[in-house]
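I opened a new model today and kept notes as I went. Here is what I looked up, in the order I looked it up.

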Amino acid sequence: MKKLTIATMCAGLMLATSGAAFADGAATYKEACAACHVAGVAGAPKLGDKAAWGPRIEQGNDALYAAVLNGKGAMPPKGGRTDLSDDAIKAAVDYMVAQSK
Ligand code: HEC
């Protein structure tokens with residue numbers, strides 16, 4: 001219970017400092033994308049790997065959104081989380097791009 005309270009407070013702080021969409025993107029990333037994108041499963045570009053992300057980021061955000069929404073290579077549409085909204089996916093992409101520049 002105590003942990004939950006602290007987590008809620010941290011989430012509140014994050015919302016206050018970095019904007020709701022960005023905080024949501026980080027949460028979605030951890031929940032839906034990290035499984036592949038932390039370890040580089042099946043050739044997934046790792047979070048923070050500038051060399052892997054550079055050419056992808058150059059395609060522009062719209063191309064990245066489309067790749068995730070429709071699926072690309074070994075990544076299923078929406079990373080397999082078709083229950084998530086398009087906006088939640090886009091926020092997660094924004095978060096990943098911001099962490100990998
Ligand atoms: C099942 C593993 C898996 C999951 C889960 C997954 N990805 Fe990926 N992702 C990949 C792989 C593999 C690639 C490389 C695809 C390629 O270039 O062929 C990739 C590529 C990408 C790219 C680059 C696309 C491009 O055009 O170069 C983005 C952005 C991305 N993922 C975002 C996400 C987001 C956001 C989520 C969570 C909603 C997510 N991924 C979940 C495996 C995954």
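Predicted model: local features only at pLDDT ≥ 70, side-chain atom pairs only at ≥ 80, totals over all residues.

**Entry 1: a test of the term**

Leaving aside its neighbours within four places in sequence, Val-93 is in contact with Asn-61, Leu-64, Tyr-65 and Val-68.

**Entry 2: the overall layout**

I went through the secondary structure next. The chain has 5 helices and 0 strands. Read from the N terminus, the order is α-α-α-α-α. I checked burial too: of the 101 residues, 18% count as buried. Then I looked at how far apart in sequence the contacts reach. Among contacts between residues at least 6 apart in sequence, 62% join residues at least 24 apart.

**Entry 3: helix 2 against helix 5**

How do the axes of helix 2 and helix 5 cross? They come within 7 Å of each other and cross at roughly 85°. Angles of 65 to 115 degrees count as roughly perpendicular, and helix 2 and helix 5 are therefore roughly perpendicular to each other. The residues of this contact divide into 11 nonpolar, 3 polar and 2 charged.

I wrote down who meets whom. On the helix 2 side the list includes Ala-21, Phe-22, Tyr-29, Cys-33 and His-37. On the helix 5 side I found Ala-88, Ala-91, Ala-92, Asp-94, Tyr-95 and Met-96.

**Entry 4: around the ligand**

I moved on to the ligand. There are 28 residues around it, and Cys-33, Cys-36, Gly-73, Met-75 and Gly-79 come nearest. By type, the shell divides into 18 nonpolar, 6 polar and 4 charged residues.

Which helices each supply at least two residues of that shell? I got helix 2 (20-37), helix 4 (61-70) and helix 5 (86-99). The largest share, 5 residues, comes from helix 2.

Is Gly-79 buried or exposed? Gly-79 is buried, with 23 other C-beta atoms within 10 Å. Gly-79 and Ala-67 are 12 residues apart in sequence and 9.9 Å apart in space, C-alpha to C-alpha.

Lys-78 is found in the loop between helix 4 and helix 5 as well. Its phi is positive, about 55°, although Lys-78 is not a glycine. A residue is buried if 20 or more other C-beta atoms lie within 10 Å of its own. Lys-78 has 20 such neighbours, so Lys-78 counts as buried.

Now the loop between helix 2 and helix 3, where I found Ala-42. Phi of Ala-42 is near 55°, a positive value in a residue other than glycine. With 9 C-beta neighbours inside 10 Å, Ala-42 counts as exposed.

Pro-45 is in the loop between helix 2 and helix 3 too. Pro-45 has 19 C-beta neighbours inside 10 Å, so Pro-45 counts as partly exposed. Neighbours within four places in sequence aside, Pro-45 is in contact with His-37, Ala-52, Trp-53 and Arg-56. I also checked Pro-45 against Ser-100: the two are 55 residues apart in sequence and 9.5 Å apart in space, C-alpha to C-alpha.

**Entry 5: helix 3**

Last stop. How many of the 9 residues of helix 3 (residues 50-58) are buried? The number is 0, so helix 3 lies largely in the open. Just after helix 3, Gly-60 takes a positive phi of about 95°.

Key. Residues numbered from 1 in each chain as written. Near = placed C-beta within 6 Å. Helix = DSSP H or I, 4+ residues; strand = E, 2+ residues; numbered from the N terminus. Nonpolar A, V, L, I, M, F, W, Y, C, P; charged D, E, K, R; others polar. Axes fitted to C-alpha atoms, helices over the stretch in contact; angles between N-to-C directions. Parallel < 35°, antiparallel > 145°, perpendicular 65-115°, else oblique. Contact = placed C-beta atoms within 7 Å. Buried ≥ 20, exposed ≤ 12 C-beta atoms within 10 Å, placed from the backbone.
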